[in-house]
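Please open the model in your viewer and keep the sequence beside it, so that each selection can be followed in turn.

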Amino acid sequence: MCNDFSNLMQSEFEMSMMGELRYFLGLQIKQSENGIFIFQENYIKDLLRKYGMMDAKIISTPMHPSSSLDKDEQGSDTSEKEYRGMIGSLLYLTSSHPDIVFSVGLCARFQKNPKESHFSAVKCIFRYLVGTTNVVLWYRKNSDFDLIAYCDADYAGDKVERKSISGACHILGDALTTWSCKKQSTIAFSTT
């Protein structure tokens, strides 16, 4: 028992001697006097290179607010493997880019038998990322410690199953700490 404790203390001491954390599981971390910055600039650039989107035209939003996707059964088929790879990469990116959570979640619903319209929507997200490679999450030092939560849901916004889509975020001080967007499990029959 005593040996385990001394081993634990030794490993914690060794970890503290490694220096300032700069890179962790694909997240780039920069610590400064103003706070901590978390971003995935290198990961985004690698993704854009991988899918040939480095020189794509920049757009200002990941998805147009009025756009909606459905099964598009009449649309032409596209590569399921490539589509799933793009979606998986984008899902990992949502850990530092809460601005794409809704768009990626919507596109992720069509991983089985994706159509050209779905593929175009995913490419729009990549075009948005071309212009936002330097976006960071900033956790300021000495900010207030107030917890604020926001949530909302639409009414039957999912065109395929007519289910509502909920979104929520939690802000601690000035820092966004958690965010989510998901399709509800039941069908809403009223707006109350």
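Helices here are DSSP runs of H or I with at least four residues, and strands are runs of E with at least two, numbered from the N terminus. The model is a predicted one, in which local features need pLDDT of at least 70 and side-chain atom pairs count only at pLDDT 80 or more, while totals for chains, interfaces and linings use all residues. Residues are numbered from 1 along each chain as its sequence is written, and side-chain values use heavy atoms, with hydrogens and water left out.

Begin with helix 2, and select Ile 44, Leu 47 and Leu 48, which are buried (under 20% relative accessible area, where exposed means over 50% and partly exposed lies in between, with a 1.4 Å probe and protein chains only). These residues lie on the same side of helix 2, because they cover an arc of only 95° around the axis, the arc being that of the directions from the helix axis to the C-beta atoms. Show helix 3 and helix 5 as well, since the buried residues of helix 2 pack against them, contact meaning heavy atoms within 4.5 Å.

Next, select Gly 52, which follows helix 2 and has a positive phi, near 65°.

Move on to the loop between helix 2 (41-50) and helix 3 (80-93), where Asp 72 is placed. Asp 72 is not a glycine, yet its phi is positive, at about 50°, and with 24% relative accessibility it counts as partly exposed.

Finally, go to the loop between helix 4 (101-108) and helix 5 (116-130) and select Asn 113. Asn 113, also a residue other than glycine, has a positive phi near 60°, and it counts as partly exposed because its relative accessibility is 40%.
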